[in-house]
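Welcome! Open your viewer, keep the selection tool handy, and follow the stops below in order.

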Amino acid sequence: MSGDFVRRLPGGGRSFRNHRGAFTWFNLDPWLMLILLSIVGFGLVVLHSASDGNWEVVAAQLVRLGLGFGLMILIAQIPPYFMLRTAPLLYGLGLILLLLIYPFGTEVNGSRRWLRVPGVLNFQPSELMKLFLPMVLAWYFHERHLPPGLKPVVVSCLLLVLPAGLIIIQPDLGTGLMIATSGFLVLILAGLPWRYILRGSVLVLISAPILWLVIKDYQRGRILTMFDPERDPLGAGWNIIQSKIAIGSGGFSGKGLLNGTQSHLDFLPESSTDFIIAVLAEELGFLGVVSLLVLYGLFILRGLMMSLNAQDTFGRLLCGSITFTFSVYVFVNIGMVSGILPVVGVPLPLVSYGGTALLTLFAGFGLMMSIHSHRRITLL
Amino acid sequence: MREALALKDHRSESQIYVERAATGAGVVFVLFSLLLLRVGYLQTVQYSDSVARSEKNRVQVIARPPVRGLILDRQGVLLAENRPSRNLEVIPEQIKRSQDTLFHLAAVLEMSEEEMARFRQVSGRKTRRFESVPVLFDLSDEQVARFEANRFRFPGLSVQAKLVRNYPQGALMAHAVGSVRRINDRDAASLNATAYAATDHIGKLGVERFYETDLLGQVGYDRVEVNARGRMMRVLDGVKPTNGQNLSLYLDAGLQAAADRALAGRRGAVVAIDPKTGGILALLSRPAYDPNLFVQGISHQDYNALRNSIDAPLFNRAIQGRYQPGSTLKPFIGLIALGHSTISVSDSIEDPGWYQLPGNERLYRDWNWTKTDDGGHGRVNIEKALYRSCNVYFYDLAVRLGIDRLSQDLKQFGFGQAAVLDLPDADAGLLPSRAWKRDHRKLPWYPGDTVNLGIGHGDILVTPLQMATAVTALANRGRWVAPRMAQNQPFQGVAEGLPAGAGALPEEVWAPIIGGMEKVVHRGNQIYGENGTAWSYIGRDIEYRMAGKSGTAQVVAIEQGEVYEASMIEERKRKHAWFIAFAPIEDPKIALAVLLENGGGGSENAAPVAREIIDYYLLERADRGSPDVAMVSGR
């Protein structure tokens, strides 16, 4: 129970290894691994159908998943001590990259999100921030008394607002908000007093009308469309109307894999990426949705257990925030597709087709694995 | 362990974390439950609605038009067929930049303002149903070529071939066959929308109208699966259209053409009937119009020209023209008199050239009465009264019969009613009676009216079709056959209320009537005033035995409201020429009525027309097999 203390002793941070087979040898958590594989397998089946039975799409996703698992295993080998030490450095690097976008970023569809190193790689710095921000906040609170007082709260809020603001003005409101959320989750888990949370919420509510005036037209449209998709059924409302039809027509047990008419006849947009849950709901029905949510629930439970087992504040906060951020992704995606949240470009974790976001997820899982396996004492 | 050395309160920190994590887990549980509730709501409460909407998305019902039945003459000659027309169709949802499209399209196809307005209207109706709507009809080869060459500019537009009606005989058959018209919004309101879902035309006149349901066929449909961009993915199922039935008419295209030649451009009408079946062999009204003009929609200019013409080409004289029958009524009056034994075959009168009602000053003159009062036909019996067309004989006869018996018995020959089975526009003519005059003229029936009726003048009006039908009854020695256009069509229930003909008359009454009509044509080489009225015009060299009767009818009225040349007015005041006939007498194969509007004397002008037509039918016409089974198979 006294990880922090141990860490402070010479040689601390190196952990014992309980030799419990190959998983442990690779610093992996067998339970989390099993749940991940189940979700990924389920996701591949749905993706196969969502892409009209196109095996090439499935193969491409398999390659990405392979890369993801590789990245996860790699990161799981890095001791948490090292992460703790490098967290501020990484955060600084992430900020610099976000700033570099302005002179060097590539503009796509009117927003600068990408950094291109010709011939080497092409990436969104905001993806890195998804992990670096929780890391730096966890590092910050690790060094301080908890629950935090006013000053640490202000400082951590600055740490949070800086990258989130840079991303929002790219503009990429969705990702910025999601990153801010992951930061707030660290704050809350660190024991941010409830009264601050309450005041913050009131502040947000008060500023909502101002926000309404500040946000862009298309964003306002998305919110209006959520409340009444029929106001523009052939334009902005089309996606959400069609996805609701897809979900609703699935009924209890669905139309069967590859039989969903909404997705296969292209009425459902983005059917293999952001709206893939609608394909699942149409073809596998309520049963399919429940199954997936149960798997996600198990993942969250295991993640929380791992965070409770973490031996220092850094590990706890990082592990917990990654787990809760994951559940926020799930909620926002399904909420948006089923029409209770406005349309934001959030993929369904581990199931949606796509690259960068998937790798970031696995990197996060790697962090969790590392934190979990580099321990001296196992409670759970 | 060694907590004393700790700088932080680890226990309380981890306590806080446990508490926060538990709260978070609770929130996640609530949020996930919310998702399940939402999805569950969509999949239970909204289930059937969603299924219906997803089906509506997916399935498009495309109506397939049946092919309209052909109309053939008795020998299989095509009277109405279907030709492909290339129409420009538009799928409004697939049009990008409507203004540009129209701008280029107008240039490529040389569209009129009217067409451009229509295009704007149609392409503005976006529904995301991806239905193809026709905007331009009958594109020329050049237009199609130019469109196809520029096709890349016109997403959402395509040229589609559709079958439309074509009348290969043109004006010749216009009044006999009728025509179809494009269905307009007013028609659409009263039509069965399903039956006409894929059909643009409907029979508006004549046989095309009467046999509309048979010719139309039954619409078919394909239920097709479409994707979100309106592309057809596959045909789910469907019902094939049942093509319309072909219609074989009794008409003989050759005879119709012969009748047209015989009229030689004069205004008038010819109706010829096969006495055995009642089948109408020829039904001609001249002048006529090209029915093809009406199929895709006639221009205002063309239509006004037709409508305002003094010759009234749109007017179907054969079935709607109302004329006094004149002397062609005499054989029927004679027959009625013989039937009632009002006269006997041997009865005769002395014709002084005029007739006077008892106690009345007025003289009713015979046609050959002269101012020196030395006209008249001398001793006249029924036969001579017919072949000399003696007016005085029939004045006397009509008065002796009385109006009641006349109007009642004339009805048996189809006068005063539209007895034709399948020509919906046929006029009933007018057969006067005491009751009619009281109701319509508010006047009593005067004896003078009866006198006039005796020679087919006065109020009585008949159509050429009615005259032909009546003479058919004579050819059949009284047996009534209802005239009809189409072969092999059942006419259940229509026999009620039809004329009885004169089948109940004894055999011996026919000899003087038919004999008299025969002599109209064949009695010749006699002294002056003893030849048949038509003999010198048609009877000298005739190869078969024909029974005929001429008539010359007064012009009832001239249409008012238009200013015509004086000479034209003068021409239009001339009398109408009639001739009715059947031949051969012993076994009649054709019965006909010829009317020449303002044609002058019947024997002189109408009889040669009748002879030419009958000559063609009996002598020239190549018999191409049994006419009644002349069906053409295949399309």
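How many bridges join S2(A) to S3(A)? There are 3 bridges, and the two strands run antiparallel. Before you go on, note that this is a predicted model, in which local features need pLDDT of at least 70, side-chain atom pairs count only at pLDDT 80 or more, and totals for chains, interfaces and linings use all residues. Residues are numbered from 1 along each chain as its sequence is written, while chains are lettered from A and ligands numbered from 1 in the order in which they are written.

**Stop 1: the sheet of chain A**

Select the strands S1, S2 and S3 of chain A. They form an open sheet in the order S1-S2-S3, with antiparallel pairing. Strands here are DSSP runs of E with at least two residues, helices are runs of H or I with at least four residues, and both are numbered from the N terminus. Two strands pair if DSSP finds at least two bridges between them. Strands of a sheet pair through backbone hydrogen bonds, either parallel or antiparallel.

Now colour the edges: strand S1 (106-108) and strand S3 (121-123) of chain A each pair on one side only. Strand S2 (residues 111-117) of chain A is joined to S1(A) by 3 bridges, and these two strands run antiparallel. To find one of the bridge pairs, click A:Glu107, whose partner in S2(A) is A:Arg112. Then click A:Val117, whose partner in S3(A) is A:Leu121.

Next, look at the hairpin of S1(A) and S2(A), which has 2 residues between the strands. In this hairpin, A:Asn109 takes a positive phi near 50 degrees.

**Stop 2: two helices of chain A**

Select helix H5 (residues 80-104) and helix H6 (residues 125-142) of chain A. They pack at an angle of about 140 degrees, with their axes 8 Å apart. Axes are lines fitted to C-alpha atoms, for helices over the stretch in contact, and angles run from 0 to 180 degrees between N-to-C directions.

Why are H5(A) and H6(A) called oblique to each other? Angles under 35 degrees count as roughly parallel, over 145 as roughly antiparallel, 65 to 115 as roughly perpendicular and the rest as oblique; H5(A) and H6(A) are therefore oblique.

Show side chains on both helices. Residues making the contact include A:Leu84, A:Tyr91 and A:Gly94 of H5(A), and A:Phe132, A:Trp139 and A:His142 of H6(A). Two residues are in contact if their C-beta atoms, placed from the backbone, lie within 7 Å. By class, the contact of H5(A) with H6(A) has 17 nonpolar, 2 polar and no charged residues. In this scheme Ala, Val, Leu, Ile, Met, Phe, Trp, Tyr, Cys and Pro count as nonpolar, Asp, Glu, Lys and Arg as charged, and the others, Gly among them, as polar.

**Stop 3: where the chains meet**

Colour by chain. The contact takes 40 residues from chain B and 45 residues from chain A. On the side of chain B that touches chain A, helix H1 (10-44) and helix H2 (47-58) of chain B each supply at least two residues. H1(B) gives the largest share of that side, 19 residues. The residues of the side of chain B that touches chain A divide into 19 nonpolar, 9 polar and 12 charged.

**Stop 4: the domains of chain B**

The domain assignment of chain B, which comes from an automatic or database assignment, gives domain 1 (61-115 + 122-138 + 148-248) and domain 2 (253-599). Taken over C-alpha atoms, the centres of these domains of chain B are 44 Å apart. Their contact takes 30 residues from domain 1 and 25 residues from domain 2 of chain B.

**Stop 5: one more sheet and one more helix pair**

Select strands S1, S8 and S9 of chain B. They make an open sheet in the order S1-S8-S9, with antiparallel pairing. Strand S8 (residues 220-226) is joined to S1(B) by 6 bridges, and B:Tyr221 in S8(B) is the bridge partner of B:Ala63.

Finally, select helix H14 (residues 330-339) and helix H16 (residues 391-401) of chain B. They pack at about 45 degrees, with their axes 10 Å apart, which makes H14(B) oblique to H16(B). Here B:Lys330, B:Ile333, B:Ile336 and B:Ala337 in H14(B) meet B:Phe394, B:Leu397, B:Ala398 and B:Leu401 in H16(B).
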